[in-house]
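Visitor: Please pick one part of this model and take me through it closely. After that, place it in its surroundings.

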Amino acid sequence: MYFGLSEEQQFFQESINKFLEDNVTVDALKAYRTGENKVLTKTVYNGLNELGLSSLIVPEAFGGLGLDSLFAISVSESLGKGVAPYPFIGSFLIAPFLIDQLGNESQKEKYLPGIATGENRFGVALSEITGRRIDSSIEYSKQRLNGSSLFVMDDIECTHYLIVDSDAGVHIIDASNVNLERVHLNTVDVTSFVSELIFNGIETEVLNNDSDNIEIVNQAIDLGRIALAANTLGAAQCMLDQSIEYAKERKQFGRQIGSFQAVKHMCAQMASDLEPCYSLVWYAAHAMDHIPGESHLMACQAKAHLSEVGASIAKTATEVHGGMGFTDDLGLHYWFKRIGLNRQLLGSPDLLREEAAKAQGI
Amino acid sequence: MNLDFGNEYEDFRNEVKAFCEEFNGIHVTGSLYNYESVIDPNEKPKIEMNVKEWQKVLIDKGYHVRHIPKEYGGFGGELDIVKNVIITEEFSKSKIPTGVGGQGIDFLVPTLMEMGTEEQRQKYIRPALYLDDIWCQGYSEPNAGSDLASLQTKGELVGDEWIINGQKIWTSTAKYAQMMFCLVRTEPNAPKHQGISYLLIPMDTPGIEVRPLVDMTLDAGFNEVFFTDVRIPAENIVGKRGQGWLVANKTLVHERGSLGDPNKMIRRYDKLVNLMKSEILDGVRIIDKPVYRDRLMKIQGKILALKSHGLRLLSGRLNKGQDLNLATMIVKLYGTEMRYELESLAIDAMGEIGTLYENSPHLRDNGGWQYAYMYYLGLIIGGGTSQIQKNIISERGLGLPKEPKIQGV
C-alpha cells in the first residue's frame, strides 16, 4: 500500500517547478502583461513540451508517454504553483482524452501524434455541457455547426478546436476555417487563455467510434475538474509559501510579523486547510483510473472543496502581506487571479456541490 | 499509488471476517466508556457479554493490544499497522465493538513500554489491559491549562515516599479509576519544563478527594482531584526526576492524533444524512432544501479530504521517506473543528427541535445531537485548544518565529 505521489512523479514536478521559477518570474509576467515581453508564452510552451507535457497522456502507440490521471494531475499542481501561462488542461488533457476515447483509428492517427509533439494545439469548447447560458448556445443540424461557445479553454495560437454540442457530439474544426469567428475574452487571469467562438454554419469532423459519448464527455469534464482543483492546490501552496517567507522577513513594532499570533494563526489555518487537500486531489485522480464508481463524486467534491480553500487562502495570504499584497509590484495577484478563474471554470463550487448531491441520490 | 494491502493479508482479513460473523449482534455491557451504541436499541441482542469478558476474548484472538508482549498480558504479535487497520475496518463493517481503550491502554501502556522499568511493566500493564485497573490522567490544573508546563501540584521526596499536595482538573474517569498517571512538580528550582516528574498514584491512597465536575452538557464526565499529603512509594516514578514533561509528551502526541478518526466521522455523517431525510418542515424534507443540502455537501467535501488524508498518514507509517510532519500536526485542529461544524448542521436541520434536551417530548435520538454539539466544542478546547494547535503548526510545522518571552516569566 502506498498513498501519494511516486518518486518519479515528484521528480517530474521538481523539473517543472524549476523551469517555471526560472522563466515565469513576476517581472516576466509583468512584462508579458504590458506587452514588453512577447515571447514568454512561446518560451514556456517550448520548454514545457520539451519536458514532455504535451505528450503526457497521449498513448504510447501515438507517440505519447501514456501516463495516468494521477501523473497528469500532479503536473497540473506544478503548473498552478508556477502560474504557468501554458495551455495544459484543455489542449493536453481534455483534447487527447476525448480524441483517444471517442475517435476512430484514423482520427487518432491524424491528431494524437501531433498533440504529443505540440504541433496540434486544441482549444476546447465545453459550454454546451457545463456552463451553458443565454449568451451562448450551439446548434448542430444538417451537418453544420451554428451558434457560439463561451469560455473556450486554452485558446492560444490554436491549430484546431474541439467542440462538444448539446448531445455530447464531439466536433473538430480547423482554426483557419473562414466561417469561424474568434473573440478573445479578457479575464482577470492574464496567464490563462479563454475565448468565445462563433460558428457560422461550419462543417465539422465528428469523432465517431460508437462509444457512449455523454459518459466519456462527463469523464473528460471530471478529469478537467480534478486538474483545475490540483492547479488551485499548487497556486494556494505557493501563496502560503510566500506568506511564510514574508512573515519571517517583514518587521513591525520591532519584531518579525510572523512572531505575532494574529499572523501565525492565519498561516496555521491556511496550512491546516490545505494539507488534506493533497490527499483529496490525489484520491480523486486515482479514482478516475481505478475506482470509476467514486470518480464523479470525487471530482465534484475535490473541485468544490479546493475552490473554497483556494479562495480563502488567496484572501488570507494577501492579507498577511499587508499593503504589499495589494500591489502589482509584488505580483501576488497572479496567483490570486488564477485561483479565481479556476474556481469558476467547469462549474463553480456551489453548482458542483449540487451536482455531487444529485449524483449520490441526495 | 496503490491502495491494496497485498494478498498476504487476505487470509488475515478472512479470519477477522469469520470472527465478526460469529459474534454478529453482540451487546457488550458494563462499559465505563459510552462508546457509540452499535446495535439497534429495538433489536434484542443475540449475545450479551460483560466488557471484561469481551476484552479477554479480543486479546486472546489478537484483535486488541496485538503487539503488547505476552509476558505483560498482550497477544504478543508483531507490530503490524495493516492488521490493526483490517481489524478496525471489519469490526466497523459488522458493527461489532472493538476492544476498550481509554487512558490506561492508549496512553499509560505505550508510555511504560517505552519509558517504564521492567517492574513497572510487570505490575501495571496486565491489569490495565484486562480493565482490572482503570487509569485516569492527572495533567491539567486550574492554573495550568494551555500552559501545562507551569503546573504547581507539588511532590516532595521524603525518605522513600513522595508526598503530594495540590489539585488536578478535567480528570475524566477519576471517579472509577484505580490509578492515576500524574504530572507533579518535584524540582521547584529547575526551569519549568525540567522540574516535572511523571508519577503513578493509586487512587485509594488517603488524602485524595475526587469531586465531579459538571460540564455544559450537564454531564459529570470530568472531575477535580484534590491531593492533601498523599503518600506514595518513591519507586512510582516513570523516567527520572524532572523528566516528566518528556515522558508526558510522548502520550500527548498520541492523544492529538487519535481525535480525528475519519471512520467515526463518516458514520456520524451518514447519521446526519438520515436525520436530514427524516426531518420534514412545512412538508419538505430538510435535505431537499437547497441551503441545507449545500451545507451538507460542504461537510462531505471536508470529510472526503480527511478520509483521504487518513490514507496518506497510514501510508506514511507503512513506507519510509514520506514527510508527514505537518500533515500529522493539523489533524486535531481540522478534525475537531470539522466535527463541530457537522454537529452544528444537525442542530440547525432540526430547528427548534434541535434545542430540546433532557428527556423532553419530541426529542430526537435521545438528545444525542445536542449533547454532541456541546461535547465536541469541549474537544476543540481539550487536548490542546485550537489556538495552541495553531501555535504548534505555525512554529514547528511552518517554521515561524516564536513569540518573544516576557521578562521574568
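Guide: Helix H8 of chain A and helix H12 of chain B are roughly perpendicular to each other (the word covers angles of 65 to 115 degrees; under 35 counts as roughly parallel, over 145 as roughly antiparallel, and the rest as oblique). This is a predicted model, in which local features need pLDDT of at least 70 and side-chain atom pairs count only at pLDDT 80 or more, while totals for chains, interfaces and linings use all residues. Residues are numbered from 1 along each chain as its sequence is written, with chains lettered from A and ligands numbered from 1 in the order in which they are written.

Two packed helices are described by the angle between their axes and the distance between the axes. For H8(A) and H12(B), residues 386-397 of chain B, the crossing angle is roughly 85° and the axes come within 8 Å. An axis here is a line fitted to C-alpha atoms, for helices over the stretch in contact, and angles run from 0 to 180 degrees between N-to-C directions. The helices (H or I, at least four residues) and strands (E, at least two) are DSSP runs, numbered from the N terminus.

Which residues of H8(A) and H12(B) meet? From H8(A) they are A:Gln261, A:Lys264, A:His265, A:Cys267, A:Ala268, A:Gln269, A:Ala271 and A:Ser272. H12(B) brings B:Gln387, B:Lys390, B:Asn391, B:Ile393, B:Ser394 and B:Gly397. Two residues are in contact if their C-beta atoms, placed from the backbone, lie within 7 Å. Sorted by class, the contact of H8(A) with H12(B) has eight polar, four nonpolar and two charged residues. (Ala, Val, Leu, Ile, Met, Phe, Trp, Tyr, Cys and Pro count as nonpolar, Asp, Glu, Lys and Arg as charged, and the others, Gly among them, as polar.)

This crossing belongs to the contact of the two chains, which takes 37 residues from chain A and 43 residues from chain B. On the chain A side, the elements that give two or more residues are helix H7 (213-249), strand S10 (255-256), helix H8 (261-290), H9 and helix H12 (349-359). H8(A) supplies the largest share of that side, 16 residues. By class, the side of chain A that touches chain B has 19 nonpolar, 12 polar and six charged residues.

H9(A), residues 292-320, has a partner of its own in helix H8 of chain B, residues 290-318. Their axes are 9 Å apart, at an angle of about 100°. H9(A) and H8(B) are therefore also roughly perpendicular to each other. In H9(A) the residues that take part are A:Met298, A:Gln301, A:Ala304 and A:His305. They meet B:Gln300, B:Gly301, B:Lys302, B:Leu304 and B:Ala305 in H8(B). This contact divides into four nonpolar, four polar and one charged residue.

Now the chains themselves. Chain A has 12 helices and 10 strands, and its C-alpha trace spans about 75 × 50 × 40 Å along its principal axes. With 362 residues, a compact globule would have a radius of gyration near 21 Å, and the 20 Å of chain A agrees with that. The radius is taken over C-alpha atoms, and the globule rule is 2.2 Å times the number of residues to the power 0.38. Chain B comes to 12 helices and 12 strands. With 409 residues, its globule value would be near 22 Å, and chain B agrees at 23 Å.

Chain A is divided into domain 1 (7-117), domain 2 (122-206) and domain 3 (213-359), with bounds from an automatic or database domain assignment. The C-alpha centres of domains 2 and 3 of chain A lie 28 Å apart. Between them, 13 residues of domain 2 are in contact with 12 residues of domain 3. The domain 2 side of chain A divides into seven nonpolar, five polar and one charged residue.

S2(A), residues 138-141, pairs with S3(A), residues 144-153, in the antiparallel sense over four bridges; strands pair if DSSP finds at least two bridges between them. A:Glu139 has A:Asn146 in S3(A) as its bridge partner. S2(A) and S3(A) form a hairpin with two residues between them, and A:Lys142 in the turn has a positive phi of about 50°. S3(A) also pairs with S7(A), residues 194-202, in the antiparallel sense over seven bridges. There A:Ser148 stands opposite A:Ile198, and A:Val152 has A:Ser195 as its partner. S6(A), residues 180-185, runs antiparallel to S7(A) and is joined to it by six bridges.
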